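Here are some notes to go with the model, written as numbered points. Keep the structure open while you read.

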Amino acid sequence: MTLPNVWNYWAVVVLMMVGLYIVIAKPNYVKKLMGLSLFQVSVIMLYVSMGRVTGGTAPIYILDDGAPRPFVLYTNPVPHVLMLTAIVVGIATTAVGLALVVRIREAYGSSEEDVVAELDRREVEAANALAAQRAAESDASSATAAHAGASHEEHA
Amino acid sequence: METAITVVLFVLLLATAIILGRQRNLFAASMLTGIFSLVSAGLFTVMEAVDVAFTEAAVGAGISTVLMLATLSLTEDVEAREKKISWPALAVVVLTGGALIYGTLDMPNFGDPHAVVHGEIARYYIDRSWDEIGLPNMVTSILASYRGSDTFGELGVVFVAGTSVLLLLGGRRSELPASGESPGHERPSSRPPGKRHAHVREMPVVRTVAKVMLPYIVLFAFYVQAHGDFGPGGGFQAGVILATAFILFGLVFGPQELVRHVPPERLERIMAVGLMIYGGVGVVAMLLGGQFLAYGVFTPSHPSHGHHYGIFMVELGVGITVSAVMIIIYATFATRRPSLAPQVVLDAEDRCETEVSADDVPLVPEERALRSGADLLAEGAAGTDAASEVPS
Amino acid sequence: MTLTAAVMSFAAVAILVTMVMALFRAARGPTTYDRILALNLFGTQTVLLIAVTGFLYERPEWMDLAMVYGLCNFVGVLAVLRFSKYGSFMEDP
Amino acid sequence: MSEHLPILMVLVPLLSAPLVVFIKHRKASRVIATLACALSACAAWTLALQMSSAVSYPLGGWRPAIGIELRVDFAGAYVAAIVSTIATFAISLGTRGTREDVVGREMFFYAAFLMCVAGLMGMVVTGDAFNVFVFLEISSLSTYTLVAMGKERRALTAALNYLFLGTLGGTFVLIGIGLMYQMTGTLNAAAVSARIREVEHLRTTHVAFAFLAVGLGIKLAVFPLHQWLPGAYSQAPHAVSSFLAGTATKVMYFQLIRVVVSFFGVAYVFDTLHFGDFLLPLSLVAMFAGSLSAIFQPSLRRLLAYSSIGQVGYLTLALSLGTEAGLNAGLLHLGAHAVTKTALFLIAAAFIAQVGDDRLDRLSGLGKRYPLLSLGFVLGGLSLIGVPGTVGFVSKWALLEAVLAGGRPWLAFLILASSMLAVVYVFRVVEVLYFRAPLANAPPLARERADWGSWVPAGLLVLVSVGLGVWSELPSEYVATAAQSLFGGAR
Amino acid sequence: MITDVLHVIGAFFVVVGALFCVIGGIGVIRLPDFYSRCHGSGITDSAGAGALLLGLMFFAPPLVAFKLLALVAFLWVSSTVSTHSLAKAAYSQGVRIENVPRKDWTIAPPPPPAAEDAVLADAASAADPEEPA
């Protein structure tokens, strides 16, 4: 089968996968956000290389005294328009992510995902232990109350 | 010649991405993100995508690097864990990459002019946008008029980003003079107490040069805003460059000075005004009988003039909101009072976490190894500049 | 190959070689300042590369793009000095 | 004025967000926000009721394929009406359950909420592939921030995890749209479905659909990709968690239906790609795993979050049948679950307002103390299970009919079995509320008096869910025409 | 006719600028310590960029020539300032010249003659590896 000349796309796919790997594998939140912006920039490269026309100039009309020169080969302007949006979405997500990382660093004392997950797990464990302990106490006290023969309705 | 430059740039990009992945010193990593954006913008230029290169350079190399560095000054600047391959991540990556490569097998050749993608609407825009709208830069005419609602949504995303950063970090701004509950308390900077640095006042060169250059950068931003119709440029790029000028001011003269000159309360209103201008232009078109954002209705006699007015107003709204949001985001990050919470480092066996306060001198051995390890990495072995490796 | 194309491609090759040298210094540089210096050099070379390729493709209006590169490069280096512990900007809060 | 309805639904919340930030008045921003959602709901309902056929609104005055076109069919109007109504109910809760440092800056909270509503409404009405991505990003970005506004510090980690997974999902959708554009050369839904015939055999089209499905799957919290949902729904402030529970996953589900039906075409998706065979096992696993883990959750909102994952399994099951009856059941269940789950989250919010915490051990014995609230929860729980007389039954019945019509009776048995699991976790809460003695040493209740602000919306929605159950022909008729118009007898 | 002369002068300046860039690049690699490397990078910013962009002006129409002039002015100002602040930061952080291990040429090196030529040859080839083929 004849392989189309698509090595450009393969190079972009490799960059995308490096970015995706950093997002999934690295525990540090700031490093993850860097991987995320890497991933988004390479998706932008995929779009732009899709719109490329060999020999075509940038999608700006070449004007000969006021009128566009006829029969000029332009690259496809539509992916460029779409990618202006994607770049802005990327920077917006990175800014919100970085703000969250700063808040997490202040609340937890660490910006590493495994440390934060560990602290969360301990917090939930402590809450469950407290609940169990409180339930045991209330059973004991209600048992003593029942034992003491006070038959009236137990109010909160 | 073009494929040669493309190959070199792709190699540079891949090298930067891999070094970025392995680099544990996050300052170096954020510098590498800046380089990655610059080189990718170079690649877009070679691939004739000039507007995209413009925005990627201004946003990627400019704003996002500065934001990451500002975040790192508020959090740790060294990644904790050493480098080890995580197999589940590799599996997901290989799976996704394989699917994408499988997808490229049926794609048309790179740069093939007869591909389907250049047929339909792209052919229409290239042939007709000069007669219908009359702007030399096709990208701006598509961006603002044909697909105007996309840009309206995009401006909404920028507005949400500004609102989010204000909601998340707007609270604890460090007041102007060094007040706050513990004026004496030193920020637990990782630098040893002995090595205080010269205050910025002692760097007159940078201050005067910044004062000289700032007006020209602002002038350049307005040029880019107006030039958007004829060449690469437009509302987004102009807004980002204008914000870069204010960020430069904030970098050189200090964030308090920036907040004093450009109070965030007023910026928040300006942020909202830009989006309302964009929406307002659309609503006026509706009131005049057309659909939302139908600029042709403004001048029924010859619609292309209506498009000129509409696109100019819309780009103005975009420029206002984008610059206000970028300045707000930078000011919020830079004036955020660093938390005094000690850094929590989990013991290797994850049994107990050692509450390590970064500013008590006797650092935990493992922490010191980590710290000096990073310095060693940064300062380089072979004892060169040994004096500069200050005992932390 | 017309004169301009030959000259421009020679300049482009020269700039790419300088970029590789800058990357070499960035990778090996003992102190972090060497890395920041290499970043600065890399940024300037990118500005020149865009200017030269602009002429190679007869699209001279790319100079705005080169201007933005220079601006971002300058702000990037100042930001590194302001926020990193290596900088001397850091005011005492 | 009425022909502008499709854009007004999106524009009113989208423009009132900057208005709220511009005015910067704490009390007024809440009134404006509620008014904006109510106006958007009125626009959606009038459009849904008075439209005879699919409405097309060309933005910017350009003809559909060239410019962006808003395309609202019966199903779109139905989902838009549900989303805006639930938004009005949710926003009336205001900034309950948010962090204390939001106090001075409620206007930003309302602005983010309005942008989230506008994003979701935009996604439902737009007919252009890339415009879907833009509105998806608006709603997702504002959702991450709103979730981070929760009281506890765990809301921050929930929001950041949601950001990572959600952005990966969004970028997968972007890749899918890119590949689809490369194959068909156009972005408009109708134009794409016309051109997809010629490129059906190409591998790039298969990969494009795969990426779109996985991306929307992440946003939809389909079983293996659902890790973000429990944390996000249980840590978010009350208004946000009840709004998201009712609408976020539902709009993504509707978008998946649109991708399958109006972008790629049912014949291609179900016959060449056998998408149904992938989706069926995933939904069955989701139904059982979601309900099973819901049983062992310590707090009420986490229980409801895991039950949502189970209910999403029903939705994807309905879609995987690939028939018009399946689509009808899916749309019906979308509406039923939206109303029911939002009512339950509102009740949970009311309990938290009274008790201060929604852990099940803190709620023990409150059946007698707050009979009205507990009754509301019971009715909501019954509708979740699908007991006759509630809206849940209407949709489960339609699902059973669709499954039986599809000739797979064992599926019907599995659906009933997973409904039994729903009975278990609903009864667990009922047992805690009614049959357990209140804790003697429980810390004092957050507030004694009934907090009517959070009780009224909850009560209203419960009445709606019961009412629709009784007069069940109201929703099922409308949805039948919607499914028929959307499906168009393709198979 | 006139344009050919302009192009020739421009080509000359572009080649000179490119060479300056390369020389600056070599300086950044081979110079021993940080401060002298600052000098190396200074060459590319001032002489290299200046000559190259001046050369490009000869090829450009008037408006673009003015843009190039603005670009040269901006580059000259910004890169010198950033190199200055970088050097100041390095100095305040204690980076000194004397702690760089330097080859002490005063000690008479007894390298065998063959080694001598090899070193010279290396130096020569390292000096201009980038002459185009």
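1. Let's start in chain E, with a pair of its helices: α2(E) and α3(E) are roughly antiparallel to each other, because their axes cross at roughly 175° and an angle over 145 degrees counts that way. Helix α2 covers residues 34–59 of chain E and helix α3 covers residues 62–92, with the two axes coming within 9 Å. Sorted by class, the contact of α2(E) with α3(E) has 18 nonpolar residues, five polar ones and one charged. Do bear in mind throughout that this is a predicted model.

2. Of its 133 residues, 41% are buried. Its accessible surface is about 6,900 Å², and carbon and sulfur atoms hold 75% of that. If you take the contacts in chain E with a separation of 6 or more, 72% of them are between residues 24 or more positions apart.

3. C:Met8 sits in helix α1 of chain C, residues 3–28. Is C:Met8 buried or exposed? It is buried, because its relative accessible area is 1% and the cut-off for buried is under 20%. Setting aside neighbours within four places in sequence, C:Met8 is in contact with C:Val52, C:Phe55 and C:Leu56 from chain C, and with E:Leu56 and E:Phe59 from chain E.

4. In general, two packed helices are described by the angle between their axes and the distance between the axes. For helix α5 (residues 129–147) and helix α6 (residues 154–184) of chain D, the angle is about 175° and the axes are 9 Å apart. That makes α5(D) roughly antiparallel to α6(D). On the α5(D) side, the contact includes D:Phe130, D:Phe133, D:Leu136 and D:Tyr144. On the α6(D) side, the residues include D:Tyr162, D:Leu163, D:Leu174, D:Ile177 and D:Met180, and among them are also the glycines D:Gly166 and D:Gly170. By class, this contact has 14 nonpolar, four polar and one charged residues.

5. Still in chain D, take a look at D:Phe345, in helix α14 (residues 324–355). D:Phe345 counts as buried because its relative accessible area is 0%, where buried means under 20%. Which residues does D:Phe345 touch, not counting those up to four places away in sequence? They are D:Tyr233, D:Ser241, D:Ser242, D:Ala245, D:Arg301, D:Leu304 and D:Ala305. D:Ala159, from the α6(D) side of the helix contact above, has its C-alpha atom 19 Å from that of D:Phe345, and the two are 186 residues apart along the chain.

6. Most residues other than glycine have a negative phi. D:Lys24 has a positive phi of about 55° although it is not a glycine; look for it in the loop between α1 (5–23) and α2 (26–50) of chain D. B:Leu293 also has a positive phi, of about 60°, and is not a glycine. You'll find B:Leu293 in the loop between α11 (264–287) and α12 (303–334) of chain B. As for accessibility, D:Lys24 counts as partly exposed because its value is 23%, while B:Leu293, at 3%, counts as buried.

7. Now for chain B as a whole. Its secondary structure comes to 13 helices and two strands. The chain has 392 residues, of which 61% count as buried. About 14,000 Å² of chain B is accessible surface, with 66% of that belonging to carbon and sulfur atoms. Among its contacts between residues at least 6 apart in sequence, 68% join residues at least 24 apart.

8. Last, how many residues of chain A are in contact with chain B? There are 85 of them, and they contact 107 residues of chain B. Between them the two chains bury about 8,500 Å², 75% of it on carbon and sulfur atoms. On the chain A side, A:Arg52, A:Tyr61 and A:Leu84 lose the most area to chain B, together 9% of what that side buries.

Conventions: Residues numbered from 1 in each chain as written. Chains lettered and ligands numbered in written order. Predicted model: local features only at pLDDT ≥ 70, side-chain atom pairs only at ≥ 80, totals over all residues. Heavy atoms only, no water. Helix = DSSP H or I, 4+ residues; strand = E, 2+ residues; numbered from the N terminus. Buried < 20%, exposed > 50% of the residue type's maximum accessible area, 1.4 Å probe, protein only. Contact = heavy atoms within 4.5 Å. Areas by Shrake-Rupley, 256 points an atom, 1.4 Å probe, with all protein chains shown as cover. Axes fitted to C-alpha atoms, helices over the stretch in contact; angles between N-to-C directions. Parallel < 35°, antiparallel > 145°, perpendicular 65-115°, else oblique. Nonpolar A, V, L, I, M, F, W, Y, C, P; charged D, E, K, R; others polar. Buried area = accessible area lost by both parts, 1.4 Å probe.
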